[in-house]
Amino acid sequence: MSLIVRERDGGTLSWVASKPVSRSSILISKWLSASAVLWVVAGLVPLGLTVATVTVLYGAPPVGAVFAAGFGIGAAISLFVAVALAASTFSASQPAVAGITFAAFLLPTIVAAVIPFDIAPYLPTSILSWAMGVGTGAAVGFVTPIAWVLGLAAIGLVGARRMAALEL
């Protein structure tokens, strides 16, 4: 949530942006590094501990389901990081960035619950559910990963345009 906000406040972002790299590459490098670190720390480590516990208590879970969960967790985290980075190009307040990011993940779920037809497969935020469906052999289409890719690209483009326009 503070990858850009804190650096903007401390003046580090203007210093980095003064180097011979594009602002888009700064944003992409922040997205890649934050996504990778969070995927390992908040995704794969807890998943590994869960798999170990389940294996001890009940036996080994299906390998495909574990790999699908790992992929889905990483995809959801990368989307979350992209939203947070894009939001931080609009707001210099860390609480506001957190609020925007959490709202971007909660509002689609609320809307999907209220609408009388199923829109969940069309939401990029459904990527973890889709991955788990693939891992367990459920009948899932390719609408959700396409929505995830398009959503991630749109968020990235908005973030890159805003990053280029920031007054540092």
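Ser2 touches Glu7 and Gln94, leaving aside residues up to four places away in sequence, where contact means heavy atoms within 4.5 Å. Ser2 sits in the segment before helix H1 (5–10) and is buried, with a relative accessible area of 18% (buried: under 20%, 1.4 Å probe, protein chains only). This is a predicted model, so local features need pLDDT of at least 70 and side-chain atom pairs count only at pLDDT 80 or more, while totals for chains, interfaces and linings use all residues. Residues are numbered from 1 along each chain as its sequence is written, and side-chain values use heavy atoms, with hydrogens and water left out.

Turning to the helices (DSSP runs of H or I, at least four residues, numbered from the N terminus), the axes of H4 (residues 63–90) and H7 (residues 143–165) come within 8 Å and cross at roughly 25°. Axes here are lines fitted to C-alpha atoms over the stretch in contact, with angles from 0 to 180 degrees between N-to-C directions. H4 and H7 are therefore roughly parallel to each other (angles under 35 degrees). Among the residues making the contact are Ala75, Leu79 and Phe90 of H4 and Trp148, Ile155 and Arg162 of H7.

Conventions
Helix = DSSP H or I, 4+ residues; strand = E, 2+ residues; numbered from the N terminus. Parallel < 35°, antiparallel > 145°, perpendicular 65-115°, else oblique. Buried < 20%, exposed > 50% of the residue type's maximum accessible area, 1.4 Å probe, protein only.
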